Amino acid sequence: MTDERFPADHDSTTTGQGAVREAIETGFPSTIADLCDLVRIPSVSWPAFDQSHVHTSAEAVAELFRGLGVFDEVRITQAPVADGVTMGNPAVLAARPARNGAPTILLYAHHDVQPPGDDAEWESAPYEPTVRGDRLYGRGAADDKAGVMAHVASIRALVEAHGTDFDLGIAIFIEGEEEAGSLSFAHFLEQNRDALSADVIVVADSGNWDLETPALTVGLRGNVAFRLTVRTLSHAVHSGMFGGAVPDAMLAMVRLLATLHGEDGSVAVSGLTGRDAETPEYPESQLRAESGLLDAVSPIGHGSFLSRIWTQPAITVTGIDAPSVGNASNTLLPSVAVRVSARIAPGQTATDALAVLTEHIERNTPFGAEVAIDKVELGDPFLVDTSGWAVTEAKAAMADAWGREAVDMGIGGSIPFIADLVHVFPQAQILVTGVEDPDSRAHSPNESLHLGVYKRSVLSEALLLDRLNSRTAK
């Protein structure tokens, strides 16, 4: 992006970099204490969980931003989801206008979290933040309450360096339903377009290359998720009486799912595309260490390992609705449902990918079984334009904070709502940053935050705010 409305008129010796560094260092214990308070709130946004905790979390986040003293109003607000009637989860919204020609930055994170899963798989209680070694453990400790606190701490540092009378415009959007699909996100943006309008948008929901190297995420896969139901019988029947002549739904489902992948485990759905891109060196040993792949298990797919994760499609069955082993009876199942999650490579829309997947399923369903696809979720892939001045400033801030140049990194996961940000704010430069590292285990038991990585990530954002505060419009 060649927008030069905000030319740099600073260098590292004329900004408040030293004061910002000192503020992050001295304030870090308070930052961690506040983060721990947020982690203790079980703000799972899935409908099956108590949603009062999400409201409690939103209020706690709002109080943190109110305490900064830089916003005239910090409010908790909701927007309708796609049906136009049901309201989404509470989000925190705040804004202060830019002055003297300075740019405006929108800081995004989310305060909702994934379910904890099986408590027995956690080494400490998921909602009791616990420090072991150099890591803080707890659900949301990394994803993404640490992102929320990165914004709070970086603004605190900016205030320490310049007081509350600084020029940079800041908008805050802390979402409360990212882990549940961001169903009201598009409506929220439209309803709050003026308050959220910005020159630069920071989405603090990604990670870093390793414990010593920062990263700017420049590519994300999209996603297509849906429930697939296969039916072969009008009712269950005895497996001994009819097995061998009548296909049960599980057999049909297993045969159908097997057509989604080739012998090497790569996606075998014609029409799902990948893209060519150079990737950093990433040996198999690193893949095994970071993923927990068992010694005797082989990786799947073809091409470089990072191309398999960043620029090729992937399909995973993430859930099955069928009798459990403990409740299994000798019957032929009439129907089985699974949740299919497909990751879509940059360059293909989610809508096109859904059509391709639907065609494949219909063409490969065995035995004439009935199939149905519903509960669809779509999110487009995203590629960051790295030519803009905001990317230059962000990388400079990262280098100053980490003492090492940032890596351009792809992510195999998806942040579908970025497409909404691009649609509503087409002129904004989007920066996807994060506080995680390869061992953070977001969404998994024993999610954790490396405290050294976190301090450097918070300092990076604080230095970015300081740098942008020194830019003025022509």
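A residue is termed buried when its relative accessible area is under 20%, exposed when over 50%, and partly exposed in between (1.4 Å probe, protein chains only). By this criterion, 51% of the 474 residues of the chain are buried. The model is predicted, so local features require pLDDT of at least 70 and side-chain atom pairs pLDDT 80 or more, whereas totals for chains, interfaces and linings use all residues. Residues are numbered from 1 along each chain as its sequence is written, and side-chain values use heavy atoms, without hydrogens or water.

The chain holds 13 helices and 18 strands. These are DSSP runs numbered from the N terminus (helices: H or I, at least four residues; strands: E, at least two). The radius of gyration is 24 Å, close to the 23 Å of the globule rule for 474 residues, so the chain is as compact as a globular protein of that length. The radius is taken over C-alpha atoms, and the rule is 2.2 Å times the number of residues to the power 0.38. The C-alpha trace spans about 80 × 45 × 45 Å along its principal axes.

The expected span is 1.5 Å times one less than the number of residues. Of the 18 residues of H3, 14 are buried, so the helix is largely enclosed by the rest of the structure. Gly-163 follows H3 with a positive phi, near 75°.

Helix H13 comprises residues 451-469. H13 is mostly covered, with 16 of its 19 residues buried.
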